[in-house]
Amino acid sequence: LSRGWTFWGWLCPIVSLWFPCQVMLDIYRTSAGDRRKAGIVIAWWLVGLGATVIPGIIGARLPQNSPDDLARGATVVAIIGLLAAIASAYLVSVIIYRISVWQQQRDYS
């Protein structure tokens, strides 16, 4: 695909749910030099989507009996989202490290 898709794929609604993962899979596999399994890329994308979507879903279902209940629930939802975001950041850092190592090992002469 063209370079434009690499940028706009992150911003287009619906397309952005899978396209960035596809781009990262292509980069990961190409950098590896073979068709390695790229489960870590899929895990990164799913955890990242979960960090974005799951808190909203849970938050919409919080009991709103009292302000204290709502505050407690919102805190739990925020912590869940934060933990998922931290996990996603860790996974993408491992992916970037691996890609960097593979690209440095290649002979570009």
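Is tryptophan 45 buried or exposed, and what is its relative accessible area? I looked this up in a predicted model, where local features need pLDDT of at least 70, side-chain atom pairs count only at pLDDT 80 or more, and totals for chains, interfaces and linings use all residues. I number residues from 1 along each chain as its sequence is written, and side-chain values use heavy atoms, with hydrogens and water left out.

I found tryptophan 45 buried, at a relative accessible area of 12%, whereas tryptophan 10 is partly exposed at 44% (buried is under 20%, exposed over 50%, partly exposed in between, with a 1.4 Å probe and protein chains only).

I then searched the whole structure for aromatic pairs and found four (ring centres within 6.5 Å, using the six-membered ring of Trp; planes under 30 degrees apart are stacked, over 60 edge-to-face, the rest tilted). Tryptophan 10 and tryptophan 45 form an edge-to-face pair, 5.9 Å centre to centre with 85° between the planes. This pair joins distant parts of the chain, 35 residues apart, from the loop between α1 (3–8) and α2 to helix α3. Ring pairs also link Trp10, Trp44 and Trp45 into a cluster.

Next I turned to the helix packing. Helix α2 (residues 19–32) and helix α3 (residues 39–60) pack at about 155°, with axes 10 Å apart, which means that α2 is roughly antiparallel to α3 (over 145 degrees; under 35 is roughly parallel, 65 to 115 roughly perpendicular, the rest oblique). I noted that Pro20, Cys21, Met24, Leu25 and Tyr28 in α2 meet Ile40, Val41, Ile42, Trp44 and Trp45 in α3 (heavy atoms within 4.5 Å).

How values were computed. Axes are lines fitted to C-alpha atoms, for helices over the stretch in contact, and angles run from 0 to 180 degrees between N-to-C directions. Helices (H or I, at least four residues) and strands (E, at least two) are DSSP runs, numbered from the N terminus.
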